[in-house]
Amino acid sequence: MSANPASATTAEPSGSGFRIPKVPFWAQIVAGLVLGVLLGWLTRSYDIEWLYTTLDKIGHIFVQLLKLAVAPLVFFAILVSITNLRKVNNAARLAGRTVLWFMITSLIAVAIGLAIGLITNPGSGTGLTPKDGKLPEHAGSWLDFLTGIVPSDVITPFTELNVLQIVFMAAVAGIAALKLGEKAQPILTLSESILELLQKALWWVIRLAPLGTVGLIGYAIADYGWDLIGKYATFTADVYIGCALVMFGVYPLLLATVAKVSPLQFFKGAWPAIQLAFVSRSSVGTMPVTQKVTERLGVPKEYASFAVPFGATTKMDGCAAIYPALAAIFIAQIFDVQLGVGDYILIAFVSVIGSAATAGLTGATVMLTLTLSTLGLPLEGVGLLMAIDPILDMMRTATNVAGQALIPVIVAAREKILDHDAYNSASASPVDDFEVHDAEPERVAVAA
């Protein structure tokens, strides 16, 4: 009989004793959704005040934890991603192709949104009137958008979470670092270490997503109820159908015809990021998962580390294309304003150019006010949609993140730098695998 403690330790995982089975992360999310709906229904049906408050606090804390990492994460992710382009051949070409495909898919998405809106007339028969609307606290305009890119100081963008200004500063710092060359290497090394630290901390927050799901979904059901959803039934269905057509129709078609890869395999690999986006309603908060699944789908790390952070702040097919197109038609019908062909062209223009205004955070109010102000529609219309926004935002953000993973795959495949073996074998959840990877050093230390 061996008295070697190392062998005893390493043999322990394969013992015959009872072990609690590990629940996959996707199953935890689904369980959170089901439990959230159930608790929300109970809260609203029986007017359980303490449960209503608890659900609100749980969801609020989860979102706040995500937002806590947004400002530094965006800054260092963009800075490092720009400097990583020096390791990639034809970096300028890759960046240009990435932006081009962002614009192409946004145009397709906004066209689908407009078509669905014109066919279904989501503002008709709702019973809503202009009196039901109210002015938003903050409205976006082209002047605000253009002048708001450049910050007045380096502190305020971080304290007020102005992601667009943070992206601007990070881009300037990244380009300056490229120009400095070796002299900037200490700063780049520090930035890479800080980025890894932030991503590590955010992974811990991501692991709380099933609990956050219970709070967010439960509170939405308890606060808004099915009656309110019924008033917006057509509009809600339009947003979900439009996003589904883009995510499960347009994206697979582009993968099959342009990238010439399996669409099913893409969703197998990207699904962990898509489901987390649905729950968290934050493209930036989902960014570490999005980048990991994109790399697992065979996109080179150096290119993925540029394309994914860039997409998380600018690539918004759900929030900046489908949603504002449908919302503009909905609000125009409520306020009895006739839209013409020129207005629809303006919607498409705003969707492609102004999508950075959404900045990867929960909600798309800034983008909506930007669209309405461009069309000359009453901003009170934003108030009509605020109540239903969290429910819409889940599907919008899932579509955003799917597109943010899609474009790097398409560009990498077109440029012949996609690892097809990695793409065809991608399947595991990055959250579960990350935990296994983390545990390995600890086991080795014990065995030693």
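Predicted model: local features only at pLDDT ≥ 70, side-chain atom pairs only at ≥ 80, totals over all residues.

Guide: Let's start at the cap. S262 caps the N-terminal end of α11, with a side-chain oxygen 3.4 Å from the backbone nitrogen of L264. Residues are numbered from 1 along each chain as its sequence is written, and side-chain values use heavy atoms, with hydrogens and water left out.

Helix α11 covers residues 263–280, and at 1.5 Å a residue its 18 residues should span 26 Å; the end C-alpha atoms are 24 Å apart, so the two agree. (The expected span is 1.5 Å times one less than the number of residues; helices are DSSP runs of H or I, at least four residues, and strands are runs of E, at least two, numbered from the N terminus.) Along the way there's a kink of about 60° at A270, shortly before the proline P272. That bend is the angle between axes fitted to the seven residues ending there and the seven starting there. α11 is mostly covered, with 14 of its 18 residues buried; buried means under 20% relative accessible area, exposed over 50%, and partly exposed in between, using a 1.4 Å probe and protein chains only. After the helix comes R281, whose phi is positive, near 60°.

Now for some context. The protein has 20 helices and zero strands, and buried residues make up 52% of its 448 residues.

Over in helix α2 (residues 25–46) sits T43, which counts as buried because its relative accessibility is 4%. The T43 side chain reaches the backbone oxygen of L39 at 2.7 Å. Leaving out residues up to four places away in sequence, T43 touches I48, L51, Y52, L55 and A222, where contact means heavy atoms within 4.5 Å.

H60, in helix α3 (residues 49–84), is partly exposed, with a relative accessible area of 47%. H60 and L216 are 156 residues apart in sequence, yet 7.6 Å apart in space, C-alpha to C-alpha.

Methods. Polar contact = N/O pair within 3.5 Å; in protein donor to acceptor, adjacent residues only side chain to side chain.
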